[in-house]
Amino acid sequence: MTAPALYEIETSEGDDGTMHPVEHLWTPDHGDPKRLGFITHNGITITGYGAEDEPPVGFIALGHHRWGHVIETAAAYMAKIYNWRELHTYPHADHGDVIPRIPRAVHTHAAVLHHPHPAHPCGCAWDDQWRLVWVPPTEPGAVPVTALRHPAAAVTAAGIPNPDEDGAPAVWAA
């Protein structure tokens with residue numbers, strides 16, 4: 001008996017009835033992180049994630065890094081992408097709504113699924129979009145990442161694995 005898959009690659013049906021993948025596993029060594037919205041700051045490659053055209057609910061740094069370094073890099077991401085020097089609030093938020101605590105970062109693994117599949121480009125609105133799936137380190141396509149919720153995001157918004165839960169594929173970053 002095998003364990004069920006933790007993620008599925010989306011498919012579409014061709015004119016001849018053949019199913020084709022419409023997304024593929026993306027890894028940093030097989031693709032340009034900058035093309036997917038990552039920036040590099042002090043040697044850490046990071047991006048924000050969440051709803052399109054909205055400030056991020058969380059940050060993903062490729063590799064496992066110290067908590068403080070990821071916070072600094074997340075602030076640099078907000079400055080570069082949103083021209084905003086404050087990590088505690090969202091861009092254009094009331095500066096009086098200071099959030100007193102920065103969430104802890106976790107070391108975990110993720111599969112990054114990128115649309116479209118290079119062999120089956122579809123030219124749809126989802127082109128160059130990606131989604132993230134939290135996976136154990138043994139899952140095919142698993143990439144080590146450090147994840148951090150944006151301080152202004154709701155705890156549940158980022159959906160980052162909680163190392164305090166049994167079986168969570170994550171540990172707290174130092």
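Colleague: In which strand is the place of T47?

Modeller: T47 has its place in strand β5, where a strand is a DSSP run of E with at least two residues and a helix a run of H or I with at least four, both numbered from the N terminus. This is a predicted model, in which local features need pLDDT of at least 70, side-chain atom pairs count only at pLDDT 80 or more, and totals for chains, interfaces and linings use all residues. Residues are numbered from 1 along each chain as its sequence is written, and side-chain values use heavy atoms, with hydrogens and water left out.

Colleague: Why is T47 called buried?

Modeller: Buried means under 20% relative accessible area, exposed over 50%, and partly exposed in between, with a 1.4 Å probe and protein chains only. The relative accessibility of T47 is 2%, and therefore T47 counts as buried.

Colleague: What does the side chain of T47 reach at 3.0 Å?

Modeller: The side chain of T47 reaches the backbone oxygen of G37 at 3.0 Å. A polar contact is a pair of N or O atoms within 3.5 Å; within protein, one must be able to donate a hydrogen and the other to accept it, and residues adjacent in sequence count only if both atoms are side-chain atoms.

Colleague: Which residues does T47 touch, not counting residues up to four places away in sequence?

Modeller: Contact means heavy atoms within 4.5 Å. On that basis T47 touches L36, G37, F38, G58, F59, I60, Y77 and W130.

Colleague: Why does L36 count as buried?

Modeller: L36 has a relative accessible area of 6%, so it is buried. L36 is found in the loop between β3 (24-26) and β4 (39-41). The C-alpha atoms of L36 and T47 are separated by 8.4 Å, although the two residues are 11 residues apart along the chain. Beyond its neighbours within four places in sequence, L36 is in contact with W26, T47, H114, D128 and W130.

Colleague: Why is T45 also called buried?

Modeller: T45 has a relative accessibility of 17%, and therefore counts as buried. T45 lies in strand β5 (residues 44-49), and a polar contact of 3.2 Å joins its side chain to that of T40. Among the residues that T45 touches, apart from those up to four places away in sequence, are P33, F38 and I60.

Colleague: What volume does the largest pocket have?

Modeller: Its volume is about 620 Å³. On a 1 Å grid over the protein atoms alone, a pocket is an open set of points with protein on both sides within 12 Å along at least five of seven lines, a cavity is a set of points where a 1.4 Å probe fits but cannot get out, and lining residues have an atom within 4 Å of a point. Of the 25 residues that line the largest pocket, G50, E52, Q129, W130 and R131 are the closest to its centre. The elements giving two or more residues to this lining are β5, α1 (67-82), β7 (106-115) and β8 (129-134), with the largest share, 4 residues, coming from β8.

Colleague: How many helices and strands does the protein have?

Modeller: The protein has 2 helices and 10 strands, which run β-β-β-β-β-β-α-β-β-β-α-β from the N terminus on. Buried residues make up 40% of its 174 residues. Of the contacts with a separation of 6 or more, 64% are between residues 24 or more positions apart.

Key:
Grid points are joined across faces, edges and corners, and a volume is the space filled by probe spheres set on the points.
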